[in-house]
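Here is a note for a colleague who is new to this structure. Please read the points with the model open.

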Amino acid sequence: MTLTRRQLLKTAVGVSLAACLPLPLLAAWAAEPALANTLPLAIHSEGGPHRLDVEVAETVSQRQRGLMGREHLPEARGMLFRFESEQPAGNAFWMYRTLIPLDIAYIDGEGRIVAINTMPPCESDTPRECPSYPAGAAYHAALEVNAGYFAERGIQVGDCVSVPALAGFCRPE
């Protein structure tokens, strides 16, 4: 492959600009795997539909990373963890290396919320010292949002979650 002068110049400028970035910022940018999807989602409760834009974690590595290392989550944002098959009631989420408090709603195959937990950040550097938060019921997906989001909006177990782009989950009654 032969590089043109223009391609060579663009590459040199890009490398020079990257060298000017602070090392922690550059490392975070390089290590942060981009999530493939951001989708609109609605939670249907007595208080009406509550709309969020969610990042979708579908692969094992995306689900393992989750919201680790994030210092902020905008109010109308969240992360939806999707699984290929039903997860047992004892499967749990944890907050190792997660910096912000979160609520989690576990969602069954019909799109109904089957459990809600509030999860404070784990301040330990040792993973085994971080508590886990099992659903207590079988689930197909989990939705993480800022802590307090569900309570502030009256969202509770039995409410319906729909993801129009996936033609998925339940239809509001």
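**Notes on the model**

1. Start at Phe 81. Beyond its neighbours within four places in sequence, Phe 81 is in contact (heavy atoms within 4.5 Å) with Ala 57, Arg 63, Gly 66, Phe 93, His 140, Ala 141, Ala 142 and Glu 144.

2. A word on the source. This is a predicted model, where local features need pLDDT of at least 70, side-chain atom pairs count only at pLDDT 80 or more, and totals for chains, interfaces and linings use all residues. Residues are numbered from 1 along each chain as its sequence is written, and side-chain values use heavy atoms, leaving out hydrogens and water.

3. The protein has 4 helices and 10 strands. These are DSSP runs: helices are H or I, at least four residues; strands are E, at least two; both are numbered from the N terminus.

4. Phe 81 also belongs to the largest nonpolar core, which has 22 residues. Such a core is a set of buried (under 20% relative accessible area, 1.4 Å probe, protein chains only) Ala, Val, Leu, Ile, Met, Phe, Trp, Tyr and Cys residues joined through side-chain atoms within 4.5 Å. Phe 81, Phe 93, Leu 102, Tyr 106 and Met 119 touch the most other members. Strand 3 (77–87), strand 5 (102–107), strand 6 (113–119) and strand 8 (139–146) each give two or more residues to this core.

5. A second, separate core holds 18 residues, including Val 56, Leu 80, Val 145 and Val 161.

6. Buried residues make up 36% of the 173 residues in the protein. Of the contacts with a separation of 6 or more, 69% join residues 24 or more positions apart.

Conventions. Buried < 20%, exposed > 50% of the residue type's maximum accessible area, 1.4 Å probe, protein only.
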